[in-house]
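Subject: Structure handover

Hello,

The structure is below, followed by notes on what was found in it. Please read them alongside the coordinates.

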Amino acid sequence: MSFRLPFIRPVFPSADALSADFQEIVDANWYTNFGPKEREFSAAIERYVGEGFHAVTFANATIALVAALHVRLGRGDGTRFVIVPSFTFAAGALAIEWAGYRPLFIDIDLADLQPSFEALPEALSAYPGAVAGMLLCNTFGMGNARIAQWEDAARESGLPLIVDSAAGFGSRYSDSRRVGTAGDCEIFSFHATKPFAIGEGGAVVTTDADFAARLKEFTNFGFHAAQGAVSLGLNGKLQEINAAIGLRQLPVLDESVAARQRVVRQYRDALSESAYRIPEGLYSSSVCFATLVAATPELRDAVLQRLRDNGVEARTYYSPPIHLQPQFVDAQRVGTLSSTENLVSRVLSVPVYSDMTGEEIAIVVDTLNAEAATT
Ligand SMILES: *Cc1c(COP(=O)(O)O)cnc(C)c1O
């Protein structure tokens, strides 16, 4: 089915601009393996995130997550746990298993949709000595307002804090720090569906130069100098053409984020407040889409249908939550994950484009409000 308003409508550089880039790549005869475009792109990411940060690019964020967990925690033997919220994209939990650990699912806070900080001490006392690290997720790319508390807890417990900010390149924390600057490292996805889109791609950002060097070695078969493989690496390298797209996208990122934030504020101003709640963190994020919490599951289900009937593609991320997906049904949980299960029956996400027109915004808003008025 094709929608009048598809869920994602990325803006990519023009074919003309990209054909010039491709010609340069052909002239350089350098298509991948940290060529000139990749080197320029990773330096540009470093400048964007801020002074003192190292960026290592990857073919996608999932490989980057595996790399960060493997390099920072060491290879697991399948017995120890990494804390992760269930209300996120499955890639993080899959990466935990690839790195040789078991996901230990925690709940979220209904107020901000972020991983529950209160679940941390509960996890540590329920699994003494068995927790190897924390994979915090900045839900929908929104900066976690309690990030400083998580960082303090990481320091106190000695546990690595790896932050999955896949959709959050261009977002800010509530103290206006850029997302990308927290924990031991943060991971970004540059997938075509994210606010900063290059096709397939990702990066890990960290202040630790030695960690960055080991991540880069990981993406290149664990090769070091002339010795060949010195560690358990993979091939996770970013191609030149994707780096070239990134170099075209980065200069317009802040402008595109501002446009997307304007759309969310227009949604907020026009939507029935008693029917739909927008999490606060969305307004300072790069806004991959607009997530709404409907007042009731009935309203959510009915409005999904009405949106579809009106040609608007909406989604119910992250439903099912990871702990209910077949690969993870036997995984351990902290508590009952009741907030997660409550949320997934009421959550929906509607499109936000950086070039969204007033008429397009009105279609979404009118459909949402019309259903709220009848339910
Ligand atoms: C998109 C996403 C990923 C996966 O990123 P890829 O680049 O597609 O591998 C991981 N985690 C979260 C939270 C995501 O939203």
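There are 16 salt bridges, counting a side-chain nitrogen of Lys or Arg within 4 Å of a carboxyl oxygen of Asp or Glu. One of them joins Lys-37 and Glu-24, with the closest N and O atoms 2.7 Å apart. Lys-37 belongs to helix H2 (residues 36-49) and Glu-24 to helix H1 (residues 15-28), so this pair ties together parts that are 13 residues apart in sequence. Helices are DSSP runs (H or I, at least four residues), numbered from the N terminus.

This is a predicted model: local features need pLDDT of at least 70 and side-chain atom pairs pLDDT 80 or more, while totals for chains, interfaces and linings use all residues. Residues are numbered from 1 along each chain as its sequence is written, and side-chain values use heavy atoms, without hydrogens and water.

Polar contacts here are pairs of N or O atoms within 3.5 Å. A polar side-chain atom of Thr-62 is 2.6 Å from a ligand oxygen. For Ser-189, the distance from a side-chain N or O atom to an oxygen of the ligand is 2.7 Å. Lys-194 also has a polar side-chain atom 2.7 Å from a ligand oxygen. Alone, the ligand exposes 390 Å², of which the protein buries 89% (Shrake-Rupley, 1.4 Å probe).

Regards

Technical notes:
Polar contact = N/O pair within 3.5 Å; in protein donor to acceptor, adjacent residues only side chain to side chain. Helix = DSSP H or I, 4+ residues; strand = E, 2+ residues; numbered from the N terminus.
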